[in-house]
Amino acid sequence: MKSTAPELLPLLKQYFGFTSFRPLQEEIIRDSLAGKDTFALLPTGGGKSLCFQLPALARDGLTVVVSPLIALMKDQVDALQASGIAATFLNSSLTQDESRKRLRGLHNGEFKLLYVAPERLMLSGFLSDLQKWNVQLIAIDEAHCISEWGHDFRPEYRQISQLRKYFPNVPFMALTATATGRVREDIVNHLQLREPKCYVASFNRPNLTYRVIAKNKPFDQLFEFLRARPKESGIVYCLSRKGAENVADRLNENGIKAKPYHAGLTPTERSSHQELFLRDDVRVVCATIAFGMGINKPNVRFVIHYDLPKNIEGYYQETGRAGRDGLPGECILIFSPGDAVKQTMFIDDKPNAQEQQIAREQLQQMVHYAESANCRRTELLAYFGEEFSADGCGACDNCLSPRGLTVGTIYGHLGTAIEAGEVIDLAQLINTEAQAEIATAFKRTGWGNIVGARELLGEKYDYGLLRIFRAAANVKK
């Protein structure tokens, strides 16, 4: 590793209070300052924001940060301004007078960083202004939003690819905390990054433990967990707004200070509840997926998923909000196969057939993780293409209390073998009557929809068994 240039360390200390860089930060910053396109995949808490904030201080001109959420922009700009850094944002939360004032400041070169949503960024009038503001770097934060295969795809992010023709000589930086190999490739290609230097940190968070528990009176399970940790704070993720409200209400009724957080609250309510949580005035936030992106609270000791997440990327990112201070954090998933049925109903409402297919595949992978008897950490890292070298992590439920090979795990191995070309006699696993019943279900739902077929068939057939049947049927075709 190159030695740290003296001009960077004083800036790092003066504005951010650090005396050294976290892994990969210095390399990313140096490449950006050298005018190179960069792709950075750093886990939650890995210090992504510093990778574009510090170069903004080390060079003249403006750094433009594309950000997906109003709350995220405000939090980061507030923190930068508190550190004496000239930063601002432009979004729909501002009055016309305030927007005009900030635009004047941008025209006068008063700011080092500008946070903006992709919708505003691509307006023709705004692009014309942007070309006058001496832009030196364009950073696309939460870059997984650009990929249709990402867990939080946003169509408006796809427009960003047009920026290259307006700023042919400006370096781009794409940043995310979670992306599979397919999503990474999609981001690089769609943004037209030029020979980018790609930095991918390990997905392993060794201070986190992972557990999946069978759902049985879930509020009682949650309450017992919280009662055993009276001084700790954390996040409870719920599938719906109503669920988040109900869980928060019941916790308060039982003496645990909690607030809901979801998109149905007013901006003032969301901001207030978030602030109470950050100041430790409430112990628990009961939230939908609307909460958490960019939340800088280091002492979150637990993240509990009260309902099944839609996909592993979202689950990983949400669990990553625990233990950002490096101290132990607990990640609990309260799981019932019935939750997959609820998720399928949402998938069926999607108007786009390709989006439905992607969502079903992601849900199947999430269900596989929840039902697996293998090491949770190994499963998570493998999903992102990273091999965990140890023989089990010793810090998840399956490693601490091994269940042996469950039927579901055996079916999973057999399905993998068939997909790899092994020939297996289905008659030894599934009788003729059952094969006909399963085939009928797949014909009704489509062969790509294992969750839908399981919903039709009920719980007498394991997901792994359905995967075996589908794999064998594809081989015959």
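A: The crossing of helix 16 and helix 17 is right-handed; a crossing is right-handed if the near helix is turned clockwise from the far one by less than a right angle, and left-handed if anticlockwise. Helices here are DSSP runs (H or I, at least four residues), strands are E runs of at least two, and both are numbered from the N terminus. This is a predicted model: local features need pLDDT of at least 70, side-chain atom pairs count only at pLDDT 80 or more, and totals for chains, interfaces and linings use all residues. Residues are numbered from 1 along each chain as its sequence is written, and side-chain values use heavy atoms, with hydrogens and water left out.

Q: At what angle do the axes of helix 16 and helix 17 cross?

A: Two packed helices are described by the angle between their axes and the distance between the axes. Axes are lines fitted to C-alpha atoms, for helices over the stretch in contact, and angles run from 0 to 180 degrees between N-to-C directions. Here helix 16 (residues 353–371) and helix 17 (residues 376–383) cross at roughly 160°, and their axes come within 10 Å. That makes the two helices roughly antiparallel, the word for angles over 145 degrees.

Q: Which residues of helix 16 and helix 17 meet?

A: Contact means heavy atoms within 4.5 Å. From helix 16 come Gln-365, His-368, Tyr-369 and Ala-370; from helix 17 come Arg-376, Glu-379, Leu-380 and Tyr-383. These contact residues divide into four nonpolar, two polar and two charged. Ala, Val, Leu, Ile, Met, Phe, Trp, Tyr, Cys and Pro count as nonpolar, Asp, Glu, Lys and Arg as charged, and the others, Gly among them, as polar.

Q: How do helix 15 and helix 16 pack?

A: Helix 15 (residues 337–348) packs on helix 16 at an angle of about 170°, with the axes 10 Å apart. Helix 15 is therefore roughly antiparallel to helix 16. Among the residues that meet are Pro-337 and Ile-347 in helix 15, and Leu-363 and Val-367 in helix 16.

Q: Which residues of helix 10 are buried?

A: Buried means under 20% relative accessible area (1.4 Å probe, protein chains only). In helix 10 (residues 181–190), the buried residues are Val-183, Arg-184, Asp-186, Ile-187, Val-188 and His-190. They pack against strand 1 (38–41), helix 8 (155–158), strand 6 (172–176) and strand 7 (197–200).

Q: How many helices and strands does the protein have?

A: The protein has 22 helices and 13 strands. Buried residues make up 53% of its 477 residues.

Technical notes:
Parallel < 35°, antiparallel > 145°, perpendicular 65-115°, else oblique. Buried < 20%, exposed > 50% of the residue type's maximum accessible area, 1.4 Å probe, protein only.
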